[in-house]
Amino acid sequence: MTTPSNPNAGGCPFGHGNPDTAPAQGPAATPGASAQWHDAQLDFSESMSYGDYLSLDPILNAQHPRSTDHNEMLFIIQHQTSELWMKLALFELHAARDAVRADALPPAFKMLARVSRILEQLVQAWSVLATMTPSEYSAMRPSLGSSSGFQSYQYRILEFMLGNKNAAMLGPHAHRPDLYAKVETALHEPSFYDEVVHLLSRRGFAIDPARLARDWTQPTPHDASVEAAWLEVYRNPSEHWELYEMAEELVDLEDAFRQWRFRHVTTVERIIGFKQGTGGTSGAPYLRKMLDVVLFPELWHVRTLL
Ligand code: HEM
């Protein structure tokens, strides 16, 4: 029987160093000093560091509170991090769409799963913002002026990619032709789900030709031929395994999106009650109405028939 090796040999597993060899103080900060710490590289005057690679200077210097209110920093960082996660979600969704177009479904599943996990992460993030009380928000509300998440162009592209099309939502981007063009492209393109409907057709299901060549600028309609296709898939999963997996990935995604919408409206109600939004809508009532949006209608309807 072998003796278990000392787990602390070479230092604590949590990276605190070996007490036998660690210097009593941190490494000397003097340029040129030959400090050592676990053989780590300590001099980045000639090579790329963590901060260089991640462009941390622009990112960590992009928080510009307009007041001295303590809570404005939370508000800014919460929105900025949400935008970063949305950027990744869009990156993954575009690649997943290309994979579906190329009939490469396993990579698409991997990417869709990542988008769902991103949305779950954003759902959890509401708990941080919910630490802001109505009094705290009211104190910093004047700093926001007319800015609102309603004007998030990445969010609008995400909605459009997921099929919740609405040309009126181009309006807030008219003052930025570069962003307007991106949102407009997403409005005119088939949504991710439209691509999946084409996939159903390529896999031999009889999809109504009108559904395959619909006006992409309109919200996703409920279509009987698409529902019939999903019914067949769910009744015979082993024969249509990839489509079955696609259906469940999409339901996962919409489930997570619904939770994000719900946590948004609940957080909004607890912070601003039923006041009008900074974007000019009725506020919580507008957001509650958005809870009724169904992204992949047939996938929900078909469940009643099973
Ligand atoms: C105290 C925090 C927040 C409040 C009080 C709030 C309030 C609102 C309100 C009232 C609206 C409706 C549009 C309007 O009239 O402004 C809205 C929309 C929106 N908000 Fe928030 N929000 C908050 C935090 C966030 C965060 C952290 C995000 C993350 C990016 C976000 C993203 C959005 C988006 C994308 C919309 C458009 C939703 C749609 O059109 O369906 N909000 N918000």
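This is a predicted model: local features need pLDDT of at least 70, side-chain atom pairs count only at pLDDT 80 or more; totals for chains, interfaces and linings use all residues.
Biologist: What makes up the protein, helices or strands?
Modeller: There are 13 helices and zero strands.

Biologist: How are α6 and α7 placed, and what describes their packing?
Modeller: Two packed helices are described by the angle between their axes and the distance between the axes. For α6 (residues 153-161) and α7 (residues 177-188), the angle is about 10° and the axes lie 8 Å apart.

Biologist: Why are α6 and α7 called roughly parallel?
Modeller: Angles under 35 degrees count as roughly parallel. The angle here is about 10°. Therefore α6 and α7 are roughly parallel to each other.

Biologist: Which residues make the contact?
Modeller: From α6 come Y153, R156, I157, F160 and M161. From α7 come L179, K182, V183, A186 and L187. By class, that contact has eight nonpolar, no polar and two charged residues.

Biologist: Which residues are closest to the ligand?
Modeller: S148, G149, G277, G279 and T281 are the closest of the 24 residues that surround the ligand.

Biologist: What classes of residue does the shell around the ligand have?
Modeller: The shell has eleven nonpolar, 13 polar and no charged residues. Gly counts as polar here.

Biologist: Which helices each supply at least two residues of that shell?
Modeller: α3 (72-101), α11 (241-272) and α12 (284-290) do. The largest share, four residues, comes from α11.

Biologist: How many of the residues count as buried?
Modeller: Of the 306 residues, 21% do. A buried residue has 20 or more other C-beta atoms within 10 Å of its own.

Methods. Residues are numbered from 1 along each chain as its sequence is written. A residue is near a molecule or strand if its C-beta atom, placed from the backbone, lies within 6 Å of it. Axes are lines fitted to C-alpha atoms, for helices over the stretch in contact, and angles run from 0 to 180 degrees between N-to-C directions. Angles under 35 degrees count as roughly parallel, over 145 as roughly antiparallel, 65 to 115 as roughly perpendicular and the rest as oblique. Two residues are in contact if their C-beta atoms, placed from the backbone, lie within 7 Å. A residue is buried if 20 or more other C-beta atoms lie within 10 Å of its own, exposed if 12 or fewer, and partly exposed in between; C-beta atoms are placed from the backbone.
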